[in-house]
Amino acid sequence: MEDRQIVDMYWARSEDAIAETEKKYGRYCHYIAYQILFNDEDVEEVLNDTYLKVWNSIPPNRPRLLKPYVGMICRQLALDLYKTVHAEKRGGRVAAVFDEMDECVLSVQGDDIEDTAALSDILERFIRALPERTRRIFIRRYFYMSSVPEIAADFRMKESAVAMLLLRTRNKLKKLLEKEWYLL
């Protein structure tokens with residue numbers, strides 16, 4: 001079933017929309033949540049919350065592409081749960097990814113929509129300008145939170161080469177952010 005048809009089902013308030021979303025994007029969302037949480041029970045909770053949030057957000061939203069819309073909701077819910085579960089302790093893959101990005105990206109404080117939008121625009125331009133392979137590796141690490149060994153295996157690279165590529169890419173991002181007034 002096409003995304004447009006599923007979104008139309010949400011607008012018609014048909015509960016079949018949830019089943020179709022799960023059928024089409026359930027494995028994708030499971031992958032995203034599991035890369036962050038590494039716990040099947042937590043992943044199931046996030047998936048259920050994802051479908052509920054999608055149900056509650058369509059309408060008023062009408063996403064053209066359902067996959068990234070559902071994926072972003074799932075990822076944010078998984079990160080929120082991760083932060084709740086790991087509030088007292090620091091460690092693991094997600095913490096490592098956050099630590100890597102802390103070197104170059106400032107967290108936007110509060111609800112300053114203008115700063116958030118500006119940062120989002122800078123990141124989008126930066127990612128689009130990367131060579132395809134670098135972009136795919138960068139997204140795998142910092143969106144999907146894949147480990148360096150997983151990325152190296154999937155791209156048939158040495159782990160050290162992946163780590164160096166990510167470091168150089170983060171350094172380029174840091175320079176761009178400094179140039180765009182996000183001074184560290």
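Of the 184 residues of the protein, 41% count as buried, meaning under 20% relative accessible area with a 1.4 Å probe and protein chains only, while exposed means over 50% and partly exposed lies in between. This is a predicted model, in which local features need pLDDT of at least 70 and side-chain atom pairs count only at pLDDT 80 or more, while totals for chains, interfaces and linings use all residues. Residues are numbered from 1 along each chain as its sequence is written, and side-chain values use heavy atoms, with hydrogens and water left out.

The protein has nine helices and zero strands; helices (H or I, at least four residues) and strands (E, at least two) are DSSP runs, numbered from the N terminus.

Helix α1 (residues 3-11) packs with α2 at an angle of about 150 degrees, their axes being 8 Å apart; the axes are lines fitted to C-alpha atoms, for helices over the stretch in contact, and angles run from 0 to 180 degrees between N-to-C directions. The two helices are therefore roughly antiparallel, a label for angles over 145 degrees. On the α1 side, D3, I6, M9 and Y10 meet residues of α2 that include I18, K24 and Y25, where contact means heavy atoms within 4.5 Å.

Helix α2 (residues 16-37) also holds Y31. Y31 counts as partly exposed because its relative accessibility is 32%. Leaving aside neighbours within four places in sequence, Y31 is in contact with R140, Y144 and S146. Y31 and C74 lie 43 residues apart in sequence and 10.0 Å apart in space, C-alpha to C-alpha.

Technical notes
Angles under 35 degrees count as roughly parallel, over 145 as roughly antiparallel, 65 to 115 as roughly perpendicular and the rest as oblique.
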